[in-house]
Amino acid sequence: ATPQTVAYGYYWFDAKPALRIASGDIIDVETLLTNTPNRLEAAGVPANEIEQSLRDIVAQVTDRGPGGHILTGPVYVEGADSGDVLEVKVLSIDLKIPYGYNGCSGFARDLCDRSQPTTRIIRLDAQRMVGHFGEGIDVPLKPFFGSMGVAPPQSRGRVSSNPPDIHAGNLDNKELI
């Protein structure tokens, strides 16, 4: 993931491919969490644990939105055309950083304790595959991709990365591992 190989906040028919592949190719895709270095540091992440690629993308990519997700790609599949069905197999997901975060927002904002920071850092143990949520609370990890999709129809224009739609997108479904 670099400033030249991401779409920041959108799926779009006219987005320039970051990579071209043939059907059946296997690729490694580096993904990033959707946050900023400043907000992560304010929530307690040490500066040396924040990826340089995230710093570069947040600092250099000005063409953003309407959503907020940092999406690696797009990847152009040679021979694929509008209306085709693509099969994508996620072979593995590796934890690259020793933390994740949980933000208190969304549809249950009334349940948030506004006297506390809205971003909670959760330390990850990749050996045991658990997230340390609190004293004596370790949550089993089952990594999954958050957003993956195809180009929306050209007539839709630039589509927000936030809600899922006919192109797939931000599915956030822990069963899709």
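## A walk around the model

Start by selecting helix H2: its buried residues pack against S1, helix H1 (37–42) and strand S4 (70–72), with contact meaning heavy atoms within 4.5 Å. The names come from DSSP runs numbered from the N terminus: helices are H or I with at least four residues, strands are E with at least two. You're looking at a predicted model, so local features need pLDDT of at least 70 and side-chain atom pairs count only at pLDDT 80 or more, while totals for chains, interfaces and linings use all residues. Residues are numbered from 1 along each chain as its sequence is written, and side-chain values use heavy atoms, leaving out hydrogens and water.

Now colour Ser53, Leu54, Ile57 and Val58, the buried residues of H2 (residues 52–60). They sit on the same side of H2, because they cover an arc of only 125° around the axis; that arc is taken from the directions from the helix axis to the C-beta atoms. Buried means under 20% relative accessible area, exposed over 50%, and partly exposed in between (1.4 Å probe, protein chains only).

Next stop: rings. A search of the whole structure turns up one aromatic pair. Show Tyr10 and Trp12: their ring centres are 6.1 Å apart and their planes are at 80°, so the pair is edge-to-face. (Rings of Phe, Tyr and Trp, using its six-membered ring, pair if their centres lie within 6.5 Å; planes under 30 degrees apart are stacked, over 60 edge-to-face, and the rest tilted.) Tyr10 is buried at 9% relative accessible area, whereas Trp12 is partly exposed at 31%.

Over in helix H1, pick Ala42. Is Ala42 buried or exposed? At 72% relative accessibility, Ala42 is exposed.

Most residues other than glycine have a negative phi, and most peptide bonds are trans. Zoom in on Gly65 and Pro66, joined by a cis peptide bond with omega about 20°; Pro66 is in the loop between H2 and S4. Then try Gly73 and Pro74, also joined by a cis peptide bond, with omega about 10°. Pro74 lies in the loop between S4 and strand S5 (75–77).

Last, select Met129, in the loop between strand S7 (119–125) and strand S8 (130–134). Its phi is positive, near 55°. Finish at Ala168 in strand S12 (residues 168–170), where phi is positive too, about 85°.
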